[in-house]
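Please look through the points below with the model open beside you. They are meant for someone who has not seen this structure before.

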Amino acid sequence: MARQRIAVIAGDGIGQEVMPEGLRVMKAAADRFNLSLSFEHFDFASCDYYEQHGRMMPEDWKSRLEGFDALYFGAVGMPERVPDHVSLWGSLLQFRRHFDQYINLRPCRLLQGVTSPLANRAPGDIDFMVVRENTEGEYSSIGGRMYEGTDRELAIQETVMSRHGIDRALRFAFELASTRPKRSLTSATKSNGISITMPYWDERVNAMATHYPDITVDSFHIDILTARFVMHPDMFDVVVASNLFGDILSDLGPACAGTIGIAPSANLNPERRFPSLFEPVHGSAPDIFGQNIANPVGQIWSGAMMLDHLGHAEAADAVVKAFEAVLAQADSAVITPDLGGQGTTETLGRAIADRLV
Ligand code: GGG
C-alpha cells in the first residue's frame with residue numbers, strides 16, 4: 001500500500017500534551033502492523049500562531065494541506081489570549097467546511113475500569129454513537145450586529161438547515177443504526193420552541209425513516225433528552241443531532257461515561273473526496289495545561305478511528321484493545337487524575353503504546 005500522509009496539528013493547550021502520546025501510539029501501531037504512515041507537523045491553527053501572525057492560519061493553508069490522507073488534530077482555544085470565536089472560526093471550523101466534513105461521529109462508551117458518576121452503571125450500560133451534523137445548523141456565519149455601542153445594540157445569527165445538509169447527516173445516521181444490534185435511532189429536536197428550522201429537521205427525519213422501516217426511531221426535545229442521558233443512558237444507540245445540540249450531547253455523554261478525557265471524534269467526509277479530521281472531543285483545557293495530567297485516551301481513540309478510516313481496521317482494533325486493557329487494569333501510578341490515578345499524560349500514553357509492541 002502507498003504511504004499515507006497525515007497532517008498533525010496539535011493546536012492549543014493540552015492539545016500539545018496529548019498529541020505526542022497519540023503519535024506514540026500511532027507509531028507503535030504502524031510498527032506492529034507494518035503500516036506506511038508519515039506524519040507532518042504544522043504549527044498553525046493555534047493561538048501562538050495567531051499572536052505571531054495576526055491570524056490563526058496562513059493564507060495558503062488550503063494548498064499546504066492538499067494531498068493529505070487525514071488530519072490528526074489536538075485542540076484549539078486559549079480564551080484569555082484570543083477570543084474563542086476567533087480561534088474556532090479561524091481554524092477548526094474552516095477545516096470542517098473546506099473539507100466538507102459534514103459528519104462529526106462521536107462514540108460514547110463506559111469502559112471497564114472507568115467509573116461513571118451515575119449510580120449503578122456498569123460497562124455495557126452506556127454504548128452509543130452521537131452523529132452530529134457538522135457544517136451548518138446553528139454554526140452559521142450568517143448574521144451581524146447593528147447599532148453598536150448604543151442602547152439599541154443588537155446581534156442576529158441565523159440557523160441554517162438545508163435539505164441537502166440534513167438529509168446527508170440523517171442518511172449516515174440511519175445507515176450506522178442499520179449496522180448496530182439495537183437498530184435504533186434517536187433524534188434531538190426542539191420543535192416546540194424553535195418553530196421553523198426544528199420542525200423542518202423533524203420532517204426530514206420522518207421522511208428518511210420511511211427508507212429504513214427496520215430502524216426504531218424516536219425523537220426528544222433537547223431539554224428532556226439531556227435529562228434522559230443522565231437518567232437512562234442505556235436506552236440510546238445512535239443519536240442524531242444538529243451541530244449545536246450534537247456538540248452538547250457529545251460532551252454530556254462522555255461525562256456520564258466517566259470522563260470527557262477519553263472521548264474521541266471523527267469529522268468525516270464519508271465520500272472520501274477530502275481528508276477527514278480526527279480530534280478528541282475535549283478542548284484545550286487551559287485550567288490543566290502545563291501540568292502533564294491531561295488524559296491522552298481521547299487523542300489515542302481518535303487516532304484509532306483515523307486508522308480505521310484509512311483502511312487499517314486490524315490496527316485500529318488493536319489500539320482500542322490496548323487502551324481498554326490499560327484502563328481496565330486501573331493502575332493508579334499509570335492512569336491520570338480524571339480517572340482517579342496519580343499518573344501523567346505520558347505514563348498513560350506509554351502504557352498503551354507498550355501493549356502494542
Ligand atoms: N478538540 C476539540 C476542540 O478543540 N474543541 C474546541 C471547541 O470548542 N470545539 C467546538 C466544536 O467542536 O464545535
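1. The model is a predicted one, in which local features need pLDDT of at least 70 and side-chain atom pairs count only at pLDDT 80 or more, while totals for chains, interfaces and linings use all residues. Residues are numbered from 1 along each chain as its sequence is written.

2. Helix H10 (residues 297-309) packs with helix H11 (residues 313-329) at an angle of about 160 degrees, and their axes are 7 Å apart. H10 and H11 are therefore roughly antiparallel to each other, a term for angles over 145 degrees between N-to-C directions. Residues in contact, meaning that their C-beta atoms, placed from the backbone, lie within 7 Å, include Trp301 and Leu307 of H10 and Val320 and Phe323 of H11. By class, this contact has 11 nonpolar, 1 polar and 1 charged residues.

3. Around the ligand are Ala75, Val76, Gly77, Leu88, Asp247, Glu279, Pro280, Gly283 and Ser284, each with its C-beta atom, placed from the backbone, within 6 Å of the molecule. This shell has 4 nonpolar, 3 polar and 2 charged residues, where Gly is counted among the polar ones.

4. Asp100, in the loop between helix H5 (92-98) and strand E4 (103-109), has a positive phi of about 45 degrees although it is not a glycine. Asp100 counts as partly exposed because it has 18 C-beta neighbours inside 10 Å, a count between the limits of 12 or fewer for exposed and 20 or more for buried.

5. Tyr147, likewise not a glycine, has a positive phi of about 55 degrees, and its place is in the loop between strand E6 (143-146) and strand E7 (154-157). With 9 C-beta neighbours inside 10 Å, Tyr147 counts as exposed.

Technical notes:
Axes are lines fitted to C-alpha atoms, for helices over the stretch in contact, and angles run from 0 to 180 degrees between N-to-C directions. Helices (H or I, at least four residues) and strands (E, at least two) are DSSP runs, numbered from the N terminus. Angles under 35 degrees count as roughly parallel, over 145 as roughly antiparallel, 65 to 115 as roughly perpendicular and the rest as oblique. Two residues are in contact if their C-beta atoms, placed from the backbone, lie within 7 Å.
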